Amino acid sequence: MSRRLLVLRHAKAEVGLGLADHERPLAERGLRDAAAMGDFLRAQGLEPGLVLCSTALRTRQTLEGLRLSAPARFERSIYTGDGHDLLHLVHEAGAGADGVGTFLLVGHNPAVHELAIIAGNEQVEDFPTCALAVIELETWRSHGGTLLAYRTPKTI
């Protein structure tokens, strides 16, 4: 059984509100993009069995906007880590979730962009807000797989 890793960058966040970076909320466009991406995931049959999400407000709001029913684990390391750290987190989560066929990881650039390249074995030029990479892995312990799809709010 192959595994699907969905790598999603948070939707567009507000800037210049005088808040700490970790506490920045989504902008109106971000709220719309998150809802549209959730509709896309459901339409494509890509609803995850487990979500790994950064603890930052904008990632939590992105996840909420997707309107998915999967259980979520909130991990501070998604906010602070790089692409290799995120792949290690997927490996760890997969070790305890053999029955899960699809994971969604909601995080930040540049780490999610790096993860999409590392796990998908393919160069992805850009990873704008609310971009999605769909990657097939042989197992949750795989270090590389196949990039099946790359979408942005403009291409869904």
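Me: Which residues is Leu5 in contact with, once its neighbours within four places in sequence are left aside?

Reply: Contact means that heavy atoms lie within 4.5 Å. In this predicted model, where local features need pLDDT of at least 70, side-chain atom pairs count only at pLDDT 80 or more, while totals for chains, interfaces and linings use all residues. Residues are numbered from 1 along each chain as its sequence is written, and side-chain values use heavy atoms, with hydrogens and water left out. On that basis, and apart from those sequence neighbours, Leu5 touches Val90, Phe103, Leu115, Ala119, Ala133, Val134, Ile135, Leu137 and Trp140.

Me: Which residues touch the most other members of the largest nonpolar core, and which element supplies the largest share of this core?

Reply: A nonpolar core is a set of buried Ala, Val, Leu, Ile, Met, Phe, Trp, Tyr and Cys residues joined through side-chain atoms within 4.5 Å, where buried means under 20% relative accessible area, exposed over 50% and partly exposed in between, with a 1.4 Å probe and protein chains only. The largest one has 28 residues, and Leu5, Leu52 and Phe103 touch the most other members. At least two residues each come from β1 (3-9), β2 (50-54), α4 (83-95), β4 (102-107), α5 (111-120) and β5 (132-137); the largest share, six residues, belongs to α5. Helices (H or I, at least four residues) and strands (E, at least two) are DSSP runs, numbered from the N terminus. Another core, of 21 residues, lies apart and includes Phe40, Leu41, Val51 and Ala70.

Me: In what order do the strands of the open sheet stand?

Reply: Strands of a sheet pair through backbone hydrogen bonds, either parallel or antiparallel, and two strands count as paired if DSSP finds at least two bridges between them. Here six strands form an open sheet with mixed pairing, in the order β3-β2-β4-β1-β5-β6. Because β3 (72-75) and β6 (146-151) are at the edges with a single partner strand each, one side of each has no neighbour in the sheet. Four bridges join β2 and β3, which run parallel, and Val51 has Ala72 of β3 as its bridge partner.
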